[in-house]
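Colleague: I have just opened this one and would like a short tour. Could you start wherever you like?

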Amino acid sequence: DVSDRFESQAVDSLPLVGNNVTQLYALVPGVVPDTFQMGSGENPQGTDRTYVNGVWSGAQVYILDGITDVDYGFSGIQVINPPPDSVKELKVITADYDPEFGNTAGMVAQFVTKSGTNQIHGSVYEYNENSATFAATPFTGAGAKAPPYNWNEGGVSFGGPVKKDKVFAFGDYQLARLAAKNAIVTTVPIDAFRNGDFSSVAATHPIYDPTTGNPDGTGRTQFPNNTITNIDPVAQKLLALLPEPNLGSVGQTDNNYTANAKQAFNTNEFDMRGDYSLNQKDKMFGRYSYFHSYLDNPGIFGVEAGGPSGGGLSPEVANSLSQQAALNYTHTFGASFLGEFRLGFNRFAISGYQADSALETNTQVGINNINI
């Protein structure tokens, strides 16, 4: 096959922004980042989507401990993006895969998680990014301070023997916490517009009464003095949700409102793995992985009225939960024969609201055939 392999030493040593191990994909020849990376509301795991030898990013295959790690029911994203401290090996195959990987024309990314050993090993880490160290905003002219921003990511891993040479355990936990605010400038209706008075723009924006004229729109009559006299009660209630202008001169119709829009994004994830060496020929392990995220990125006008968001994404509040379980049994028949049985459970669910409310749940349960 055509592939590249990253052992645990390389995974630990190479710099990864956001502690995101999938950034290693881009180091493999033929792999380039997708020009469109999905935001936290749709890809909370932060998996780097890639083109591989020209193949679309949603057609790649990800495998974690022999279990498919792809959410086929959503957009082909990776369900579990393991923390680097849990990765023993990452192998990226870009061509000439084995027949068992015949469901892709692009990339197969195979992850193997760490297990406990006879020696106790572990790690503790914490990263922080704070606006207190940011440069002044260059676009204000006056060099205004950077808006509030605080990002923390931390974690711990631990592995060791439960019974020497027989039973081993490994676990890891990682969290991320983001709290940020951004100043947004947008447009809200002035009082005259709220009351239907558009006389100030009659010359450039004439408004016609939709109850007049022909069904094809011809022959309609312009409102007298370009003033709407029959505003719908529902529209009036919607207008009441929007704030008054607070920026610029009186009567300014565009870019006349500013406020700080908040953004919060919190994640919790962990892996638990146990290995059991029955004898020289029979070995088995079980692993469970969990990832939960909460994104709070409302519009500047609140949940009801929406408006632009502070996080640069669509205004939304989203919960996600990803889970995967793997059970593996291996028997060695001889120097050249190996039998392996795998059972896996894979689940990705995301719920919340956007401009169009969305709920996505996908559960995959599969038994990989015995391979000899």
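Modeller: Let me start with Glu244, which counts as partly exposed because its relative accessibility is 42%, where partly exposed lies between buried (under 20% relative accessible area) and exposed (over 50%), with a 1.4 Å probe and protein chains only. This is a predicted model, in which local features need pLDDT of at least 70 and side-chain atom pairs count only at pLDDT 80 or more, while totals for chains, interfaces and linings use all residues. Residues are numbered from 1 along each chain as its sequence is written, and side-chain values use heavy atoms, with hydrogens and water left out.

Colleague: Which side chain does Glu244 meet in a salt bridge?

Modeller: Its partner is Arg194, at 3.9 Å from N to O; a salt bridge here is a side-chain nitrogen of Lys or Arg within 4 Å of a carboxyl oxygen of Asp or Glu.

Colleague: And is Arg194 buried or exposed?

Modeller: Arg194 counts as buried, because its relative accessibility is 14%.

Colleague: Which residues do salt bridges with shared partners join into one network?

Modeller: That network consists of Asp65, Arg273, Asp275 and Arg287, and the count of salt bridges comes to 10.

Colleague: Switching topic, what about Ser309: buried or exposed?

Modeller: Ser309 has 8% relative accessibility and therefore counts as buried, and its side chain makes a polar contact with the side chain of Asn297 at 3.3 Å, a polar contact being a pair of N or O atoms within 3.5 Å, where within protein one must be able to donate a hydrogen and the other to accept it, and residues adjacent in sequence count only if both atoms are side-chain atoms.
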